Amino acid sequence: MKKNNKGFTLAELLIVVAIIAVLVAIAIPVFTTQLEKSREATDAANIRSAYAEAMAEALSQSTPATITKTVSLKQAVADWQNKFDLPANLTPGTAAPAVGGTCVITVNPTVDPMTCTASITLAPAP
C-alpha cells in the first residue's frame, strides 16, 4: 500500500518563516529611510512653492511691502538627510531644519519690485 505524503514538514515551514523574517528585517529600515526622504522632498517642495508665492506677490504689489510666508516642516529627523535644490540663500548644510520646526520665507521688495531680496530661515519647533 502506498502512503500519501502530501504537505510540508515542520522543518520546511520553519525555514520559510525564517526567510520571511530576514526579508522583513531588511525591508523595514529601507522603508523608513525612503519615508523620511519623501518627507524631506515634500518639505523642500513646500519651501520652493512658498518662495515662488512670496516672489509673485512681491512682484504684483503696487507699493513695496515685506512679505512673509511660513512653512511647517513634516520631516521626522532633524537636519537634512538628502540634498535638494532649494531657493534663495538656503542650501543644505547652512541651515538645519528641526523636527516639527518651521521655515520662514521673507521677501523685501525694494523700490524696483523686480529686484527683491529674499531670506529663508529655519526655526526649531516651538
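**Entry 1: ground rules**

I began with a definition: helices (H or I, at least four residues) and strands (E, at least two) are DSSP runs, numbered from the N terminus. With that in hand, I placed I28 in helix 1 (residues 10-60).

I noted that the model is predicted, that local features need pLDDT of at least 70 and side-chain atom pairs pLDDT 80 or more, while totals for chains, interfaces and linings use all residues. Residues are numbered from 1 along each chain as its sequence is written, and side-chain values use heavy atoms, with hydrogens and water left out.

**Entry 2: the outline**

I looked up the elements and found one helix and three strands. Read along the sequence, they follow the pattern α-β-β-β.

Next I checked contacts, meaning heavy atoms within 4.5 Å. Among those between residues at least 6 apart in sequence, 68% join residues at least 24 apart.

**Entry 3: inside and outside**

I took buried to mean under 20% relative accessible area, exposed over 50%, and partly exposed in between (1.4 Å probe, protein chains only). Of the 126 residues in the chain, 25% are buried.

For the surface, I used accessible areas from the Shrake-Rupley method with a 1.4 Å probe; for residues, only the protein chains shown count as cover. The chain exposes about 8,400 Å², and carbon and sulfur atoms supply 65% of that area.

**Entry 4: a patch on the surface**

I found V16, I20, V24 and I28 together in a nonpolar surface patch, with about 340 Å² of accessible area between them. Patches are made of residues with over 30% relative accessible area and no salt bridge; like charges are joined within 9 Å, nonpolar side chains (Val, Leu, Ile, Met, Phe, Trp, Tyr) within 5 Å.

**Entry 5: the paired strands**

I turned to strand 1 (residues 67-72), which runs antiparallel to strand 2 and is joined to it by six bridges. Two strands pair if DSSP finds at least two bridges between them. I67 stands opposite V107 in strand 2.

I also looked at how covered strand 2 (residues 102-109) is: six of its eight residues are buried, so the rest of the structure largely encloses it.

**Entry 6: the core**

A nonpolar core is a set of buried Ala, Val, Leu, Ile, Met, Phe, Trp, Tyr and Cys residues joined through side-chain atoms within 4.5 Å. The largest one here has 14 residues, of which I47, A54, I67, V71, C103, I105 and V107 touch the most other members. Helix 1, strand 1 and strand 2 are the elements that give two or more residues to this core. Helix 1 gives the most, with six.

**Entry 7: salt bridges**

How many salt bridges does the structure hold? I found three, each with a side-chain nitrogen of Lys or Arg within 4 Å of a carboxyl oxygen of Asp or Glu.

- E36 and R39 meet at 3.3 Å, N to O. Both lie in helix 1, three residues apart, about one turn of the helix. E36 is buried at 7% relative accessibility, whereas R39 is partly exposed at 28%.
- K69 pairs with E53, with the closest N and O atoms 3.2 Å apart. K69 is in strand 1 and E53 in helix 1, so this pair ties together parts 16 residues apart in sequence.
- E57 also bridges to K69, with the closest N and O atoms 3.1 Å apart. This pair links helix 1, where E57 lies, to K69 in strand 1, 12 residues away.

I noted that E53, E57 and K69 make up a network of salt bridges. In it, K69 is buried at 18% relative accessibility, while E53 is partly exposed at 44% and E57 is partly exposed at 34%.
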